[in-house]
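This report covers strand pairing, sheet order, helix packing and model confidence. Please read it alongside the sequence and the model.

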Amino acid sequence: MSPTQDNSLKGWDAIMRQVTHGYSWSGQERNVCYLNRGDGTFVNVSYISGFDHLDDSRALGLVDWDRDGDLDVWLRNRTAPRLRLLQNTQGNGQPWLRITLEGKTSNRDAIGAVVEITTKDGSPLVKSLRAGEFFMSQGSKALHFGLGQHRDIARVRVLWPGGAWQSFPRLSAHKHYHLQQGVSRPIEIPLPSAPTVATKTANAEPRARQSPIHLPVKIPIFPSFHYRDQALKLQALPPSKANRVILLWSSQCAACRKELPALLKRYANNTTELLALCVDPIDDSADAYALMDELGWPFPWGFAERATLERLEHWQQILFDRAPTLSVPFSILLDSDHNVLALQRGPGDLTNTLPFTGRWFTNPVSPAYVYEDFGRLFGERFPAEGLYYLELAAQLAQTNKLHPELASKHQQLARQHAEANRPQQAIHHFDKALSFSPESASLCHNYGIFLAQHGQLPRAYQLLKRALQFAPDSEATKTALEMIEADLTTRTP
């Protein structure tokens, strides 16, 4: 990959991280609208036209929605509101003409046709019918002509796909006509009444209950999910014979204080296990203990580790296109193998989400694809967890495609542990790297040098001999091997 391509990918990744954190794709730039003055110049009318919203707008469609003779605009946004209707209420009463086309010998939609209108004073107006006018969007197929001061129409001609011209006489302003290829008589289309657009005032109050988010693929929770129990002992997730809900809560959260008593009733006779983890700092946990004592909490509970919360925040940001900041109450539904099945933001009952009903109308992504994506994105901040998901992807894919990448990442972690004077962790990652790339001369060389530095000369010697098999011209490996042979000889009685 060239430096230019590499920088481009890095820039794209940076943009996507901004978007998933809720930042504007367009940098908080307002939409703009320019008015064509007809003399080759334009004037900015964004504010007075009402276009200058802070929406991250993507697509637009032009249509006379309210049937008043001028074009209105539908905007499709990446941010809320996802749809916005901008009604043209200028109300100047100028004449207009709307034309729809139907091909007979050409394509039925008449895509590619050109309509030319000539007014009584000879001014021509020309439009072509296109399949797609804007970015990922298409306005109305009806060609709308604003006639300005020219109320009288002298002639309408259509250049049909294929090259044949056809004239249509006797068309009047303020009307909609349907023109058919090879048929001389235009069909006048009655103008329907304007459609109504239902509006309502936005409710600022949050919903008391939010729907659970069902994952299309079971995703294992990262193995470094640790917490402190009530005695403040560090714990990993214990084995489970049933589904388990992990609830994140805070003693300072009003919604959590309402939710916890409801959970007492909900889980009293429920086969689903419950683990309630408080996110309050341990050195400020008196309120959490007092609340649990007051409730007589009978289920396992404890305190979420800071490192676990950081990883969980990153985990959900990878999972969703635009993930909000992790807030409580937040619930995770796991199966007995510690795979995540569903999430719940805010109060709610995850125990009622099983079994999942319905069917996919598209093919869901494969677990191998999800794990591979998770591995790379998770590895940007947490390399060890990233390797965990990449290895799962490699197991499911049943190919060696990911083996070089896994070997490289394990070797990188081994070097980091070696530099931090953590030899056992370094050995673990060197061994993992070697399992994925057993014929890598550089890996065998680096591992052998590391072992020699830590006094494990016999194994270092074997690895360096192995490296020389794959790279027989390596002077560095030959020199290291000679030094170890000399050292082993002097140690032999």
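Strand β3 (residues 57-63) and strand β4 (residues 72-77) run antiparallel and are joined by six bridges. Two strands are taken to pair if DSSP finds at least two bridges between them. Strands here are DSSP runs (E, at least two residues), as helices are (H or I, at least four residues), numbered from the N terminus. L60 stands opposite L75 in β4.

β4 is also joined to strand β5 (residues 83-86), by four bridges and again antiparallel. R76 has L83 in β5 as its bridge partner. β4 and β5 form a hairpin, with five residues between them.

## Basis of the model

This is a predicted model, in which local features need pLDDT of at least 70 and side-chain atom pairs count only at pLDDT 80 or more, while totals for chains, interfaces and linings use all residues. Residues are numbered from 1 along each chain as its sequence is written, and side-chain values use heavy atoms, with hydrogens and water left out.

The average pLDDT (the predictor's confidence in each residue, from 0 to 100) is 88 for the protein, and 92% of the residues score at least 70. Over residues 201-208 the pLDDT is below 50, and this stretch has one contact in the model beyond near neighbours in sequence. Contact means heavy atoms within 4.5 Å.

## The eight-stranded sheet

An open sheet of eight strands with mixed pairing has the order β14-β21-β20-β17-β18-β19-β15-β16. β14 (213-220) and β16 (234-236) are at the edges with a single partner strand each, so one side of each has no neighbour in the sheet. On average, neighbouring strands of this sheet are turned by 35° against each other, direction ignored.

Four bridges pair β14 with strand β21 (residues 339-345) in the antiparallel sense, and I213 stands opposite L343 in β21. Helix α4 (residues 286-295) packs on the sheet and touches β17 (244-249), β18 (273-278) and β19 (301-304); the direction of α4 makes about 160° with that of β19. Axes are lines fitted to C-alpha atoms, for helices over the stretch in contact, and angles run from 0 to 180 degrees between N-to-C directions.

## Helices α7 and α8

Helix α7 (residues 383-397) packs against helix α8 (residues 403-419) at an angle of about 155°, with the axes 11 Å apart. The two are therefore roughly antiparallel (angles over 145 degrees).

In α7, P383, A384, L387, L390, E391 and A394 meet E405, L406, K409, H410 and L413 in α8. The residues of this contact divide into seven nonpolar, one polar and three charged. Ala, Val, Leu, Ile, Met, Phe, Trp, Tyr, Cys and Pro count as nonpolar, Asp, Glu, Lys and Arg as charged, and the others, Gly among them, as polar.

Definitions and conventions: Parallel < 35°, antiparallel > 145°, perpendicular 65-115°, else oblique.
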